[in-house]
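These are my notebook entries from a first look through a structure that was new to me. I wrote down each thing I looked up, together with the rule behind it.

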Amino acid sequence: MEALKDKIIREGQAVGTGIVKVDGFLNHQIDVKFMDEIGKEFRRRFADIEVDKILTVEASGIGIACMTAPYFGYPPVVFAKKTTPSTMTEDFYGAEAKSFTKGTVSIIRVAKKYLHEGDRVLILDDFLAHGQAALAMTQLVQQAGAKVLGIGAVIEKGFQGGGQKLRQAGFRLESLAVIEKIDDGTIAFV
Ligand code: 5GP
């Protein structure tokens, strides 16, 4: 998605050789109009599927999923939780994911009542790095007996291997921008 690449170049910031900050439009402040374009682009990439749920993980995935849902006919958006609030008393599915940014391992959870056997699920997230978050989400879907129809990442960092892992596992993955390298403050795309 050329507009996304341009925006990353103009507004993003490389941190070292492994991290991109896009707080100005995606991860802290949200450019809603641009997010609508992202939703539209996900629909274009997954034009041939219909889904019952969009699954993401808190917090940054929520806005992306909610802006994409209208283009799929408003399926519910379910976001996996990274902590267990005292209000989450019901039974849940859980899968381990190592946080790319924090380095800690946590269990992401979805209450069983929000993922059902046979559900057709589209998984969305902001970044794809090592693939831990996305893989954990696929496990939640599998635990429910539901089916992953696709995985969409706004930004994939191709050199961190997550995309390759997911494709090798047989998942259909669409990344709207794939970064090949981050070097000396410069972001290079595939
Ligand atoms: P993975 O689980 O694929 O290793 O990492 C993906 C998760 O880590 C995403 O949910 C995202 O929140 C976070 N993440 C990974 N790389 C970056 C990055 O370069 N910038 C930001 N802002 N978040 C990232």
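I began with Tyr74, which counts as exposed because its relative accessibility is 63%, where exposed means over 50% relative accessible area, buried under 20% and partly exposed in between, with a 1.4 Å probe and protein chains only. Before going on I noted that this is a predicted model, in which local features need pLDDT of at least 70 and side-chain atom pairs count only at pLDDT 80 or more, while totals for chains, interfaces and linings use all residues. I also noted that residues are numbered from 1 along each chain as its sequence is written, and that side-chain values use heavy atoms, with hydrogens and water left out.

**Entry 1: backbone.** Tyr74 lies in the loop between α4 and β4 (77-80), where helices (H or I, at least four residues) and strands (E, at least two) are DSSP runs numbered from the N terminus. I looked up its phi and found a positive value near 60°, in a residue other than glycine. Asp184 is also not a glycine and has a positive phi, of about 55°; its place is in the loop between β9 (173-183) and β10 (186-189). Asp184 is exposed, since its relative accessible area is 76%. I then found a cis peptide bond between Glu58 and Ala59, with omega of about -5°, and placed Ala59 in the loop between β3 (53-57) and α4. I wrote these down because most residues other than glycine have a negative phi, and most peptide bonds are trans.

Entry 2: How many aromatic pairs does a search of the whole structure find? The search finds one.

Lys7 lies over the face of Phe34, at 5.1 Å from the ring centre; a charge sits over a ring if NZ of Lys or CZ of Arg is within 6 Å of the ring centre and within 35 degrees of the ring normal. Lys7 belongs to helix α1 (residues 2-11) and is buried, because its relative accessible area is 7%. Setting aside neighbours within four places in sequence, I found Lys7 in contact (heavy atoms within 4.5 Å) with Gly12, Phe25, Asp31 and Phe34. In another place, the charged end of Arg43 sits over the ring of Phe72, 4.2 Å from its centre.

**Entry 3: the largest pocket.** I looked up the volume of the largest pocket, which is about 870 Å³. On a 1 Å grid over the protein atoms alone, a pocket is an open set of points where a 1.4 Å probe fits, with protein on both sides within 12 Å along at least five of seven lines, and lining residues have an atom within 4 Å of a point. The lining has 35 residues, and those nearest the pocket centre are Lys82, Ser99, Phe100, Thr101 and Asp126. Among the elements that give two or more residues to this lining are β2 (19-21), α2 (23-27), β7 (120-128) and α5 (132-144).

Phe100 is found in the loop between β5 and β6 and is partly exposed, because its relative accessible area is 31%. Its contacts, leaving aside neighbours within four places in sequence, are Gly18, Ile19, Ala129, His130, Lys157 and Gln160.

Entry 4: The C-alpha atoms of Ile123 and Gly152 are separated by 6.2 Å, although the two are 29 residues apart along the chain.

Val190 is in the segment after β10 and is exposed, since its relative accessible area is 64%. Beyond residues up to four places away in sequence, Val190 touches Lys5, Val178, Ile179 and Glu180.

Technical notes: Rings of Phe, Tyr and Trp (its six-membered ring) pair if their centres lie within 6.5 Å; planes under 30 degrees apart count as stacked, over 60 as edge-to-face and the rest as tilted. Grid points are joined across faces, edges and corners, and a volume is the space filled by probe spheres set on the points.
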